[in-house]
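The paragraphs below take the two chains in turn.

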Amino acid sequence: MSRQPVVVVGHVPTPRGRAALEHGVAEAHRRGARLVVVNSSRGDALVDEEYLQGDPLRRLEDELTVSGVPFELRRPVGRDVAEELADAVSETGADLLVIGLRRRSAVGKLLMGSAAQRILLTVECPILTVKGPPGPP
Amino acid sequence: MGALADLLGGFAEALTPVNLLFALLGVLLGTAVGVLPGIGPAMTVALLLPVTYTLEPTAAFIMFAGIYYGGMYGGSTTSILLNTPGESSSIMTALEGNKMAKAGRGAAALATAAIGSFVAGTIATLLLALVAPTVVDLVVGITPADYFALAVLAFVAVATVLGSSPLRGLASLGVGLYLGLVGTDVLTGQERFTLGIPQLSDGIDVVVVAVGLFAVGEALYVASRLRRGPVQVLAASGPWFTRRDLRRSVGPWLRGTALGFPLGALPAGGAEIPTFLSYAAERKLTKHPEEFGRGAIEGVAGPEAANNAAAAGVLVPLLTLGLPTSATAAIILVAFQGYGIQPGPTLLSTESTLVWTLIASLLIGNLMLLVLNLPLARVWVQLLRVPRPYLYAGILLFASLGCYAVNADPLDLLLLLVIGLLGFAMRRYGWPVAPAVIGLILGPVAETNLRRALAISSGDLGVLFDTWFSRVVLGLALLALVLPVVLRAVRGRRATPEELQAGEPLRHRETVGAPPGEEDER
């Protein structure tokens with residue numbers, strides 16, 4: 001009867017993105033779920049180091065293949081990360097979304113919006129948030 | 001050696017703390033705009049024209065010249081690491097430079113580009129110092145008719161050589177010449193094309209047109225195609241510049257300089273042609289033809305030397321004749337006019353301190369650029385992480401402020417927007433902007449000389465062909481007009497830089513960020 005559960009991970013090549021990916025893989029194993037990894041860019045700067053291309057992208061694919069979880073890698077460009085994740089979740093009917101949290105300073109909170117907050121408010125499924133290892137973000 | 005003594009005097013002036021600071025500011029700004037695709041030295045100098053109202057001339061020109069040189073350095077960094085030329089003069093660098101970075105020789109490519117730029121810039125600036133007084137001696141007896149002939153040659157050469165087709169270049173030139181006509185005729189006091197608007201009787205301010213065409217036009221163009229996939233940055237990795245690299249680079253550096261300086265000094269539109277020729281020459285002369293197309297260091301060293309040498313070459317006609325041959329030079333000419341200085345054969349005697357200080361500070365700025373670019377290439381790439389909406393919002397703000405500051409007249413802002421839309425349309429349909437700017441700035445100068453010549457001859461057109469000088473120059477202009485058409489008919493279309501790089505298309509601004517999916521399959 002049951003369709004395969006889906007776990008969506010919002011991934012960026014940083015410690016927090018790594019933490020999110022590891023927890024996502026663990027959750028997918030535990031639930032016997034399919035993993036959807038989303039690495040998006042708003043595409044408004046010429047260079048976005050959080051958007052995977054070339055060698056890092058291939059390493060990620062290899063790593064996911066080795067983990068043994070059925071996975072799908074999505075790399076949308078052009079919209080805000082919250083919108084992309086919300087779309088991925090509703091389209092796949094995901095059971096869980098895993099995102100990494102940035103450690104933020106007081107000034108940072110004052111000046112910048114929070115992607116995590118927008119994700120928490122817009123995405124229609126349970127969300128697991130994990131932090132990267134302590135230290136600089 | 002009069003020139004040497006003058007140059008030493010210039011150094012004494014240029015080494016004052018204030019002038020050093022402006023040189024540093026100029027090269028920093030220049031490198032930054034060189035790195036950013038779509039934002040070039042011409043736009044930056046245009047945006048900074050309003051500072052000439054408060055700044056001392058020497059400081060302003062030191063800064064502008066620093067921006068001009070800096071732009072030539074900065075463009076190479078993005079060409080090599082991102083395959084995205086920051087400037088049109090760095091397109092040829094991308095061909096081999098990016099291949100080198102892909103092959104793990106990015107550090108060597110950056111080094112040969114920076115050192116080559118330094119070597120060529122220094123030699124060419126010294127040549128400028130040597131040649132300028134000689135050129136002045138040659139042209140001091142120049143008649144208004146001769147000057148008009150020179151201007152015609154500059155118009156035709158810039159219009160037919162730059163851009164994708166001679167017709168578009170000539171059309172763009174026409175737009176510029178027309179905008180230059182608006183205002184009151186100096187000789188008769190008649191109003192031309194003012195549409196009855198009183199503010200227009202003084203003419204459209206050059207600052208408004210230049211900023212509108214470059215800054216507003218570019219901002220609108222970028223806004224119209226904002227969403228682009230990010231580009232992959234290659235690591236500046238691999239062994240640093242080796243002895244072998246040096247041996248292979250020295251020849252291309254010197255040949256690039258030899259091509260760049262004279263071609264920059266000719267009215268043929270700045271640095272693109274010399275880089276193209278230098279690449280072609282290195283490809284022919286190399287002892288490692290198998291490496292071309294796969295990252296040959298000669299293909300980086302030659303064009304990078306050529307574009308810096310051309311930047312110095314462009315200053316020869318600008319300083320000795322008041323004849324701009326590239327868009328940036330045209331805008332620097334406006335700055336001269338803003339100070340009430342008319343560059344020409346007399347400049348070297350009337351403003352000799354200014355000129356020699358400028359040349360000395362170019363040499364100093366060149367050294368600064370080497371220090372800034374060699375170890376800091378990665379840092380400059382960080383600039384490209386600035387989201388474009390912020391960048392262009394800032395540019396628009398600067399553009400509007402600068403234009404309003406000229407006359408404190410709201411009409412200028414309206415004009416800025418209209419000319420900005422024109423600039424957008426020109427980019428959209430592939431009209432080069434440089435001929436319009438040169439037409440706008442050189443047009444009135446050419447007109448004055450034409451009418452002065454006709455006044456002397458009491459209306460006899462024959463005066464235009466009176467001297468051998470004007471006959472030769474007008475003949476060259478005719479050649480520049482006809483030759484591209486003939487060549488096209490005889491040999492077929494000239495290969496564009498994009499076509500030279502057969503196989504993998506060059507990611508120029510037009511194609512930056514093709515859908516990410518397409519880049520994956522490698």
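Two residues are in contact if their C-beta atoms, placed from the backbone, lie within 7 Å. With that cut-off, and in what is a predicted model, residues 24 or more positions apart account for 82% of the contacts in chain A that have a separation of 6 or more.

Along its principal axes, the C-alpha trace of chain A spans about 50 × 35 × 30 Å, while buried residues make up 35% of the 137 residues in chain A.

For chain B, the discussion turns to confidence. The average pLDDT of chain B is 81, and 89% of its residues score at least 70. Among the elements of chain B, the highest mean pLDDT, 91, belongs to helix α17 (residues 410-428) of chain B, whereas the lowest, 34, belongs to helix α21 (residues 516-520) of chain B. Over residues 497-522 of chain B the pLDDT is below 50, although this stretch has 35 contacts in the model beyond near neighbours in sequence. Where pLDDT is low, the predicted coordinates should not be read in detail.

For the complex as a whole, the predictor gives an ipTM of 0.71 and a pTM of 0.80.

Key
Residues are numbered from 1 along each chain as its sequence is written. Chains are lettered from A and ligands numbered from 1 in the order in which they are written. This is a predicted model: local features need pLDDT of at least 70, side-chain atom pairs count only at pLDDT 80 or more; totals for chains, interfaces and linings use all residues. A residue is buried if 20 or more other C-beta atoms lie within 10 Å of its own, exposed if 12 or fewer, and partly exposed in between; C-beta atoms are placed from the backbone. pLDDT is the predictor's confidence in each residue, from 0 to 100. Helices (H or I, at least four residues) and strands (E, at least two) are DSSP runs, numbered from the N terminus.
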